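Visitor: I would like to be taken through a structure, one question at a time, with the criteria stated wherever a term is used.

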Amino acid sequence: MLQNNRRICHSSLQFEASANVLLLFPYSNIIIFGIVLGLLSAVLEVYFKGKVSDIKIIPISISYSRILEEKLYAYELLGVPKPKESTYGLFKARGVLFEDYGNIHVHIGEAISVSSFSENVINREIHNLLPRYISSVSLGEQKLIMRLSYQILLCQQKYFVVSPWSMIAAVLMQNKEGISFKQLVKQVEWLKRQASNLGAYIDWPGHEPAESVTARQH
């Protein structure tokens, strides 16, 4: 699959050989880091081999109050096998479109220049004597890809929006034996205060007290 991604990236960037490439890099709270790393590796290989002069990466943070697959994920955590996809299942699941899934927050960050990020770090001339169609990334370039991946994720996670439901879920996961509603409200309020002190963005409805917000989510 990674080889296919590389071929797709190479084809889509072929016409940009003499220009800068702009790469939108969306990230949500349900994405898989391995997929992100593989895609970034395929894209940056085009820059390493000198096919483009620069690549601009724009981190995009996407936060969901609720996701459509929340029940499916809960069953998977309990060990229930994932059901097979089918046309019948698609029509059967159309009822989720009538439910309220809260808010979606999107933040578009500042562009990261790969040329500036890799300046004095890698030497692209090592690829001059190698055939362009051979996929190859040096050890130094692999380390750079990993560093850049974490840099992008840090930029995206900085602007994630924490919903009340996420804080309630975090408290419940720490109290698997059960917790009273009063204690739940107290811990959610404490968690909200700590997250705010650390600079987190919280999607809290106005100045409502924790008790009413927790009761509505519950």
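What follows is a set of questions and answers on contacts, helix packing and individual residues.

Visitor: What kind of model is this, and which conventions apply?
Guide: This is a predicted model, in which local features need pLDDT of at least 70 and side-chain atom pairs count only at pLDDT 80 or more, while totals for chains, interfaces and linings use all residues. Residues are numbered from 1 along each chain as its sequence is written, and side-chain values use heavy atoms, with hydrogens and water left out.

Visitor: How many salt bridges does a search of the whole structure find, and what is the separation of the closest N and O atoms?
Guide: Taking a salt bridge as a side-chain nitrogen of Lys or Arg within 4 Å of a carboxyl oxygen of Asp or Glu, a search of the whole structure finds one. Glutamate 45 and lysine 49 form this salt bridge, and their closest N and O atoms are 3.2 Å apart.

Visitor: Are glutamate 45 and lysine 49 buried or exposed?
Guide: The classes rest on relative accessible area, with buried meaning under 20%, exposed over 50% and partly exposed in between, using a 1.4 Å probe and protein chains only. Glutamate 45 has a relative accessible area of 0%, and lysine 49 has a relative accessibility of 5%. Both values fall under the cut-off, so glutamate 45 and lysine 49 count as buried.

Visitor: How are helix H7 and helix H8 oriented to each other?
Guide: Helices here are DSSP runs of H or I with at least four residues, and strands are runs of E with at least two, numbered from the N terminus. H7 (residues 164–173) and H8 (residues 181–197) pack at an angle of about 120°, with their axes 9 Å apart; the axes are lines fitted to C-alpha atoms, for helices over the stretch in contact, and angles run from 0 to 180 degrees between N-to-C directions. Angles under 35 degrees count as roughly parallel, over 145 as roughly antiparallel, 65 to 115 as roughly perpendicular and the rest as oblique. H7 and H8 are therefore oblique.

Visitor: Over which ring does the charged end of lysine 192 sit?
Guide: Lysine 192 is placed in helix H8 and, at 24% relative accessibility, counts as partly exposed. A charge sits over a ring if NZ of Lys or CZ of Arg is within 6 Å of the ring centre and within 35 degrees of the ring normal. The charged end of lysine 192 lies 5.1 Å from the centre of the ring in question, that of tryptophan 204.

Visitor: Why does the phi of asparagine 120 deserve a remark, and what is its value?
Guide: Most residues other than glycine have a negative phi. Asparagine 120 lies in the loop between helix H5 (114–117) and helix H6 (139–157), and is exposed, with a relative accessible area of 76%. Although asparagine 120 is not a glycine, its phi is positive, at about 65°.

Visitor: How far apart in space are the C-alpha atoms of histidine 127 and phenylalanine 48?
Guide: Histidine 127 also belongs to the loop between H5 and H6, but at 4% relative accessibility it counts as buried. Histidine 127 and phenylalanine 48 are 79 residues apart in sequence, yet their C-alpha separation in space is 7.7 Å.
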